[in-house]
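Good morning, colleagues. Please have the sequence and the structure open while I take you through a selection of sites.

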Amino acid sequence: MKPKYSLKGALISNLVPIVFLMFAAFAVPMSGLSIPYLLHEMISRLARDSLLVLSLVIPVLAGMGLNFGMVLGAMAGQIGMVLVVDWGLGGMPALLVAALLGTPISIGLGYFCGYILNLAKGREMVTSYIIGFFMNGAYQFLLLYCMGSIIPITNPELLLSRGYGIRNSMDLPNIRQVLDRLVSVEVFGMDIPILTFAVIAVFCLLIVWFKTTKIGQDMRAVGRNRAVANGAGIPVEKTRILAIIISTLIACYGQIVSLQNLGTINTYNSHEQVGIFSIAALLVGGATAENASIANVFVGVFLFHLMFVVSPMAGKNLIGDAQLGEYFRVFVSYGIIAVSLLLHAWKKRHEMLERRLLENDGKE
Amino acid sequence: MNVKLRRNLLRVALCLIAVAGGFLLSFIGMYHSIILDNSEFSGAGAVLPPLEGLRVVSEAEPVEMSPGDRILVSAKGPSTTLVFEITSPETQQSREISYTLHMGFKKQFFLSVPAIVGGEKDPFFVE
Amino acid sequence: MTNEKPLLSMKGIQKDFLGNRVLEDINLDLAQGEILGLVGENGAGKTTLMNILFGMPVIQQTGGYKGTIALDGEEVRFSNPNAALMAGIGMVHQEFFLIPDFSATENIFLNREVTRYSLLVEIFGDRLRTLDKAAMNERVVQVIKELGVNINPDTLVSEMPVSYKQFTEIAREIDRAKIKILVVDEPTAVLTETEAEALLAVLKRLAAKGVGIIFISHRLHEILNICDRIVVLRDGKLIKDISSGQSDVKSIASWMVGHEIGDFAFHHTENHRKTENFLSIDHLKVLMPGEAVKDLCLQVHEGEILGIGGLAGQGKLGIANGIMGLFPAEGSVTLKGKSLKLNSPLDAFRAGMAFISEDRRGIGLLLTQSIGLNIAFPLMQVKGGLLKKIAGLFTWEDKKKIREITSSYIERLDIKCTGPDQSVMELSGGNQQKVCVAKVLALSPQILFASEPTRGIDIGAKHLVLSVLREINEKEGTTIIMTSSELGELRSICDRIAIVNEGKIAGILPAEAPVEDFGLLMLGE
Ligand SMILES: Nc1ncnc2c1ncn2[C@@H]1O[C@H](COP(=O)(O)OP(=O)(O)OP(=O)(O)O)[C@@H](O)[C@H]1O
Ligand SMILES: [Mg+2]
């Protein structure tokens, strides 16, 4: 209900990306890194992470906040990858088979997560975070104890020396960047992974299209006002579960794309920070727990990773110590999350205060 | 036909296609290790000596093999073609023999080059 | 009536809310094509009875009901609104049942969208059909035209004036294909007389098509105008079931409250401090959809009650909404020579202004909180806010004080409740409106904008609310700018009345001026 034309309004609603842009404008020259290098890095990182961050959009649409449970999808993708590596697959077929394997796992995990979130309406974010934690335990159990004992693993190189359980890290020699390199063009000496971006574009289009379907509309309705949606006969719980399943699936594919880009799996770590980083990136892109667009995804990934690349060097040049630069990097990346959450909290408070006094829309 | 039935059939069909596709992709995309051995081979009847001046062209870089050597090459997909170039040290004449191996889902093969070159039906080593 | 089976028959309905009996042995029939008027004081149980019929979740959550409901002679017991919808019952709720961030079309077609086939339907099912926005918009334009208003189908509900919200909700119900019974719970409370007439005409047309209609209103002349039969509830009991030909406003009112009520009239006292240039509004423009203010100048004297009247859509509601920062505004507003920052609700509040919104249904009542907290909240935010006090941290003494203040308002405004600790959600619509009034009065504002302050309040309590407004005007010197669609109400309490036409002041007359003069001004002559 704010005046649409007000500059202040536009600034406030894009406050987070603007702050990070300003920070970047300061840190980029500070770091001494060349623009072509940064550009190259950004392109590679956009290809790597966009899909993961994209997976967060649908649950926001359905009013379920930022889905920390997306790590379940990442786990599913990773399980698919481990099995594919064990079977000795390589190239594009390996990615496709990993995706095929990850699909039912993601659907199952997504259903589970959605079911639990339905029991915890209004506290979805914290609950999904806890589910992520809890399922991480299950994941570790599966890979550390079941694989190689109950689930046959044929390639002894993948196993720990005790004979069961998957090793800490594995290389993906036959999978490394197969998607990125299959179709790529060189522009100014930079390889642009066309196919990867095409895959991301397809998912973006799917999401855009999805919003024009009945189920997309139902999700929006459920997200905006559960009581009214329920009153109109929309199956609220089912719709919410579907939103989480879709999110988990996209996260699963996103993790597969991301792993092929990296070329290695840290069996017990790769997925862990995916949730935090993706959410931080989305927030940096100007999204909120109530509103997230595809533009937020790309702006967010770009700005977040720009900070990520630039901050250690900037820190080093500022403080003069590589090790300190490293701390600086960790500090900044977590700081980003804290700052954006704080900014959002502030914005929300500001809006809420106005709203209540206005005697308007108190029902929502 | 009833819409529900049609859709369910379609869904089942798609699931089957996905599973079949998975198998097909695994078939195509699987990497196999092939151990090539260039030592004396005693198969059915004849004893074949190791080959001199042998060069193997596989999916990876071409490799020279001396008698008694063993190398590991990896190959992708349902089948691979190995080309053996044998240059006789005396005459400097070379001949090429290509051999197509159908690998299926088996991951490791252990082959004797003299047996392949000698036209043996069963060039596999049994360990 | 004929001896054929009634369309709807409710028998022996009884409802308790945690031991508090609000309905007792209600028997009610409705025939095809009949319009039944349901009247009663605030809190008499009208909405509750209709919620039972419609299977609203709140009824289940509070222990269900006793009695039977038969539809076409068949007993039904709806466990959710969707089941009632499926059975052909539509309901226009007293509290809006709309999604604010959705457009008119999206709300009207919620969960019955017009869709197109898409290939993925074959795999993922019908929910993957795509929406046909164009077709829906077309139909919405048609339905809305039928209602005699002009709403853009793409307008978001949150940006609509309250009457448009009401029409959107009505449009949703009448557009349903197989509707048999339509319940409309105080649909006209937010409408001006002309708008209400258009709506009544639509209802009559529906009834002529055979739809049974239950119509709830506190405007008794409307009830007499369109209803075939009138049912009066008092304190949860059915007092009267009578054909409308045999009754008149006075007798209905006395059945409602249980005793005779006299005419209301206030004695105009002339002791107001008439300071010129107290609040001056210059060239105000407000972008409020449907109620735009175009270029309005107005001088308000200190200590007066200024009425603002006018036809619907001419901009009378835009004035208060614009000055209080609810809708984008331009121009200048000066209070005692100091210029006021526009588009900033907080500044408006801090300048000593307060607002009773005509949009009671969206009113920032904290529905799940107690009456006490609701009344105290703005007080703490605006006044305590300056002292840097946090809302959540009151001391024991504060709590006691809140209860005291609350109790005094409950008594003064006759709020029907179990006590200051009852949550606002559990109050009847009219009593929620009274809490809104109390909440603003507790602020002791210098200037009070009261837009439709008696909305949804029954005929008896109306007088009470108006006299409380009069009282603070006289005792505390509060300047009141009151907007109302009922000219009679304005004339009974105001000193001067400004009539708004096409976003500008058409003229200002003393309240005693003849009605015809007001009529001419409203028409812009
Ligand atoms: N959820 C609830 N919990 C407890 N009491 C309730 C609840 N809903 C309504 N009541 C009580 O039931 C009584 C009847 O309320 P109802 O809303 O039916 O009144 P109404 O006739 O519609 O009045 P109005 O004209 O003000 O809308 C009121 O005393 C109200 O406090
Ligand atoms: Mg009511």
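Helix 1 of chain C is mostly covered, with eight of its nine residues buried. Helices here are DSSP runs of H or I with at least four residues, strands are runs of E with at least two, and both are numbered from the N terminus. Buried means under 20% relative accessible area, exposed means over 50%, and partly exposed lies in between, with a 1.4 Å probe and protein chains only. The buried residues of this helix are C:K46, C:T48, C:L49, C:M50, C:N51, C:I52, C:L53 and C:F54. Just after helix 1 of chain C comes C:G55, which takes a positive phi of about 70°.

Before I continue, a word on the basis of these values. This is a predicted model, in which local features need pLDDT of at least 70 and side-chain atom pairs count only at pLDDT 80 or more, whereas totals for chains, interfaces and linings use all residues. Residues are numbered from 1 along each chain as its sequence is written, chains are lettered from A and ligands numbered from 1 in the order in which they are written, and side-chain values use heavy atoms, with hydrogens and water left out.

I turn now to the metal. Which protein atoms are the donors of the magnesium ion, ligand 2? They are OG1 of C:T47 and OE1 of C:Q94, lying 1.9 to 2.0 Å from the ion. Donors are N, O and S atoms within 2.8 Å of the metal (3.2 Å for Na, K and Ca); water is not among the atoms, so sites may look incomplete. The pair links distant parts of the chain: C:T47 is in helix 1 (residues 46-54) of chain C, while C:Q94 is in the loop between strand 6 (89-92) and helix 4 (104-108) of chain C, 47 residues apart. Is C:Q94 buried or exposed? C:Q94 counts as buried, because its relative accessibility is 4%. C:T47 is partly exposed, as its relative accessible area is 24%.

C:Q94 also has a partner in the protein: a polar contact of 3.1 Å joins its side chain to that of C:E186. A polar contact is a pair of N or O atoms within 3.5 Å; within protein, one must be able to donate a hydrogen and the other to accept it, and residues adjacent in sequence count only if both atoms are side-chain atoms. C:E186 lies in the loop between strand 9 (181-185) and helix 8 (193-208) of chain C. At 3% relative accessibility, C:E186 is buried.

C:E186 leads us to ligand 1. An N or O atom in the side chain of C:E186 is 3.3 Å from an oxygen atom of ligand 1. Taken alone, ligand 1 exposes 630 Å², of which the protein buries 91%. These accessible areas come from the Shrake-Rupley method with a 1.4 Å probe; for residues, only the protein chains shown count as cover. Backbone atoms take part too: a polar backbone atom of C:G45 is 2.9 Å from an oxygen atom of ligand 1, and a backbone N or O atom of C:K46 lies 2.8 Å from an oxygen atom of this ligand.

Which residues come nearest to ligand 1? Of the 19 around it, they are C:G43, C:T47, C:T48, C:S428 and C:G430. A residue is near a molecule or strand if one of its heavy atoms lies within 4 Å of it. Helix 1 of chain C gives the largest share of this shell, three residues.

Let me close with chain A. Ten of the 13 residues of helix 13 (residues 272-284) of chain A are buried, so this helix is largely enclosed by the rest of the structure. Helix 13 of chain A is followed by A:G286, with a positive phi near 100°. A:Q177 has a positive phi as well, about 55°, although it is not a glycine. A:Q177 is in the loop between strand 1 (169-171) and helix 8 (178-182) of chain A, and it is buried, with a relative accessible area of 15%. Finally, A:G77 sits in helix 5 (residues 70-86) of chain A and is buried at 0% relative accessibility.
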